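Hello,

Here is the structure I promised to pass on. Please open it first; my notes follow below.

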Amino acid sequence: MTTDVHPNANEAEAAAGADQSAAKTQSFEADVARLLQLMVHSVYSDRDIFVRELVSNAADACEKLRYESLARPDLSEGGAPFAITIAVDPDAKTLTFSDNGVGMSRGDLAEGLGTIAKSGTRAFLDRLSAAESEKEGANLIGQFGIGFYSAFMVADQVVVETRRAGSNEAWRWSSDGKGAYTIAPLSLEAAPQRGSKVVLHLNDSSHEYAEAYRLERIVREHSGAVAVPIDLIEKPGAEPRRIADGAALWAKSKSEVKPEEYAEFYRGLSGQFDEPALTIHYRAEGRHEYTVLAFVPGSRPFDLFDPARKGRNKLYVRRVLISQDTEVLPGWLRFVRLVVDSADLPLNVSREMIQESPVFAAIKKGVANRIVQELTKLADSQEDGDKEKFAKIWENFGAVIKEGLYEDPERRDALFKLARFATSTHPKVERTLADYVKDLRENQTAIFYLTGDDSKRLETSPQLEGFRARGVEVLLLSDPVDAFWVSTAAGYEGKPFKSVTQGAADIKTIPLVEGAKSTAGEAPSAEVATLFAFFKQTLGEEIGEVRASDRLTDSLACLVAPEFGPDRQLEKMLAAHGRLGTRAKPILEVNAGHPLVVSLAKRYKEQSDKSLIEDAAWLVFDEARLMEGETPVDAQAFAGRLRRLMEKALA
Ligand code: ADP
Ligand code: MG
C-alpha cells in the first residue's frame with residue numbers, strides 16, 4: 001500500500017480548496033488489479049455492458065436511500081425525486097452518470113471501489129481465467145457483482161464524486177485502473193447535495209460512446225426496466241430528456257409488457273445474459289395482496305451447488321426495495337430469480353422481522369406453490385415446444401428440484417409429477433413415475449431403482465440383468481440427492497421404492513420376457529451350496545453372507561446391501577461425509593447357474609487342495625467390488641491370485 005499524493009488528486013484538492021494531506025493514493029486489492037487486467041485485456045468483449053453496470057449501481061443507490069428514508073425521512077427531504085442522469089460530452093469525450101441516491105462515505109468508497117468484498121471472488125477469478133468463451137466470461141461478471149470496474153474497459157480515467165446522504169463530507173475518487181486509486185476530500189460546493197457522479201474519460205478506442213443516440217439505444221436495450229427514471233443530456237447545456245420512465249415492470253399488467261422487456265429485466269435481476277426459460281408474472285389478490293415476477297433461468301448459474309450462494313430475490317413493499325437477501329423461496333427453488341412486491345407488509349418492517357411475519361410466511365408459501373403449479377402446467381402441456389422447454393429446465397435444475405423431495409414432504413406429491421427419470425428401458429431422462437407405474441409388469445409390486453454416481457455405469461450394471469430378463473423397468477438415479485430422497489419417500493401411488501442393490505430382489509414371481517433365460521433364482525444344488533459355505537468361510541468378516549442370486553443372468557456375482565438400513569450407494573455417501581459409524585457387511589450374491597460356479601463346485605468336492613478355490617472366492621468377491629467402482633480389498637493379494645490363476649491356465 002502506498003500513501004504518496006497522486007497528481008490528479010492534487011489538482012482536485014487545489015480546486016476544491018481542501019486539506020491536501022488527506023489525499024491518499026492506495027493500491028487496489030490484488031484481486032481487483034488482476035480482475036481489471038483480465039477484463040480490460042481479454043475476456044469481456046461486449047463492452048456496452050458497462051452502461052448497464054453503472055446504471056444499475058445508480059439505481060441501487062436510489063433504492064437504498066428510499067429504504068433508509070423510511071426510518072429517517074430527513075435523508076432525502078428537499079431533494080429532487082429519485083432519478084439517474086447520463087450526460088454526454090461529445091467534444092471532451094466524457095460520459096457522466098449521476099444519481100441522487102445514497103452516495104458513499106470515505107469508507108464506502110475504499111471498500112466498494114477498491115476491494116472485492118464478496119465471497120467467492122477467488123473462485124470467480126479462477127473461473128474467469130478458465131472461461132472458454134468470451135460470452136461465458138461476460139456472463140460471470142454480472143453474477144459476482146463486480147460491475148463498477150467494467151468502466152475501465154472504455155475509460156482510461158474514472159472519477160467518482162460522491163456525498164453520503166445526511167453527511168457533510170464529500171469525496172473524490174479517481175483512478176486510471178492500472179493498479180492504484182486516489183481518494184481526496186471534495187468541497188461541499190463542488191459536491192452533489194447527495195448521491196454520486198461517475199465521470200468516464202473515454203479511451204481512444206471508445207469514443208463512439210460519446211454519441212448520444214448510441215447511448216440512448218444501449219440504455220433502452222439494457223436498462224429500460226430499471227425502477228428509477230433515466231434522463232439523458234445529449235451535450236453540455238442541453239435540457240435533460242427522459243429516456244426510461246422508471247415504472248416498475250412488475251407493476252404493469254402482463255399485456256403491456258413485451259417479451260424483450262421481460263428478458264432484459266431478467267438479465268438485470270439475475271446477472272445472466274441468456275433468455276429466461278419461464279416467466280411467471282401475476283398479482284395475488286384476496287387475503288394478501290402482492291405482485292410476483294419470477295424467472296426460471298435459461299441456463300445453470302455456475303454456483304448452483306455452492307451452499308453459501310444467496311438467492312437473488314428482491315422484496316419490495318409498495319415499490320420500496322426492502323431486502324435483497326431475504327429468502328423468499330425454499331432452497332430447492334434457489335435457481336428462480338424473482339421480485340415480490342407486497343401491499344400488506346408494513347413499510348417500516350425491519351429486515352430481521354420479515355422472517356417472523358405471518359404475512360411473509362403466507363407470501364412465501366403462495367409463491368412456491370404458484371411456481372410449482374406453473375412448472376407442472378408446462379410439464380403437462382401438449383403444446384409443441386413446451387415439452388422441450390420443460391426438458392431443458394429439468395436438465396438444468398432437476399437435481400436441485402429433487403432436493404425438495406426430502407426437504408419438503410408436503411410438496412412431495414406435486415414434485416413427483418414434475419420429476420423425470422432415465423430408466424433401464426428408457427435411457428433418456430424423460431420417464432415420469434406415472435409412466436413407470438402404468439407399465440408395471442405382472443406381479444410387480446415395487447418401483448425399482450439403482451443409484452450410483454455414474455449414469456453410464458448404472459446402465460450396464462450386472463444388478464440389472466435379472467430385471468431386464470423380466471422386462472422390469474428400473475429407475476437409474478445418478479444425482480447425489482437421489483440416494484437421500486428415495487430412502488425417505490414412502491412410495492408413489494402405493495408402490496414402495498426398492499433398491500435393486502438391497503435385500504432379496506423378490507422378482508422370481510415376475511414372468512420372464514419371451515426368449516429370456518434365467519437359471520438364477522432356482523435353489524442351488526447341494527454341491528453349489530457347499531461351495532457357497534466355503535466362500536463364506538474364506539471371506540470371513542468381509543461379507544455378511546453368500547447366497548444364490550435371482551438378479552443375475554450372465555454375470556458371476558454382485559454385492560448387495562442387507563434388507564434393512566441404507567443401500568450401497570447411500571452408505572458410500574454417508575461414509576464419505578463421516579456420517580456413518582460402521583458400514584454394514586455386504587451380501588455376496590452369486591449366480592448359482594453360472595457354468596464357472598458349477599464347475600468350481602465340482603472341483604471343490606473332488607480336490608483335497610483347496611488353495612485354488614480359495615483364490616477363486618477372493619477373485620469373485622474382488623470382481624464384484626470392481627464392478628461397483630471400488631478397489632480390491634488387498635491389491636497385492638489380488639494381483640498374486642490373478643497371477644497364480646493365469647499361470648495355471650496359460651503357463
Ligand atoms: P455491486 O453493485 O454488485 O455491489 P459494483 O462493482 O457494481 O458491485 O459496485 C461496488 C459497490 O460500490 C457497490 O456495492 C456500492 O456499494 C458502491 N457503489 C457503486 N456505485 C455506486 C453509486 N452510484 N452510489 C453508491 N454506491 C455505489
Ligand atoms: Mg453493480
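Start with strands β4 and β5 (residues 170-175): they pair in the antiparallel sense over 5 bridges. Bear in mind throughout that this is a predicted model. Within that pair, V160 stands opposite W173 of β5. The two strands make a hairpin, with 6 residues between them. G166 sits in the turn and has a positive phi of about 90 degrees.

β4 has another partner. Strand β7 (residues 195-202) pairs with β4 over 8 bridges, also in the antiparallel sense.

A422 stands opposite L476 of β17.

Now helix α10, residues 358-380. At 1.5 Å a residue, the 23 residues should span 33 Å, and the end C-alpha atoms are 33 Å apart, so the two agree. At the start of α10, a side-chain oxygen of S357 comes to within 3.2 Å of the backbone nitrogen of V359.

The buried residues of α10 are worth a look on screen. Going along the helix, they are V359, F360, I363, V367, A368, I371, V372, E374, L375, T376, L378 and A379. An α-helix has 3.6 residues a turn, so residues three or four places apart point the same way. Note that E374 and T376 are among the buried positions.

Last, one residue near the start of the numbering. T25 lies in strand β1 (residues 24-27). Is T25 buried or exposed? Its relative accessible area is 5%, which is under the 20% cut-off, so T25 counts as buried. What does its side chain contact? The side chains of T25 and T182 are joined by a polar contact of 2.7 Å.

Best wishes

Conventions. Residues numbered from 1 in each chain as written. Chains lettered and ligands numbered in written order. Predicted model: local features only at pLDDT ≥ 70, side-chain atom pairs only at ≥ 80, totals over all residues. Heavy atoms only, no water. Helix = DSSP H or I, 4+ residues; strand = E, 2+ residues; numbered from the N terminus. Expected span 1.5 Å × (residues − 1). Buried < 20%, exposed > 50% of the residue type's maximum accessible area, 1.4 Å probe, protein only. Polar contact = N/O pair within 3.5 Å; in protein donor to acceptor, adjacent residues only side chain to side chain. Pairing = 2+ DSSP bridges.
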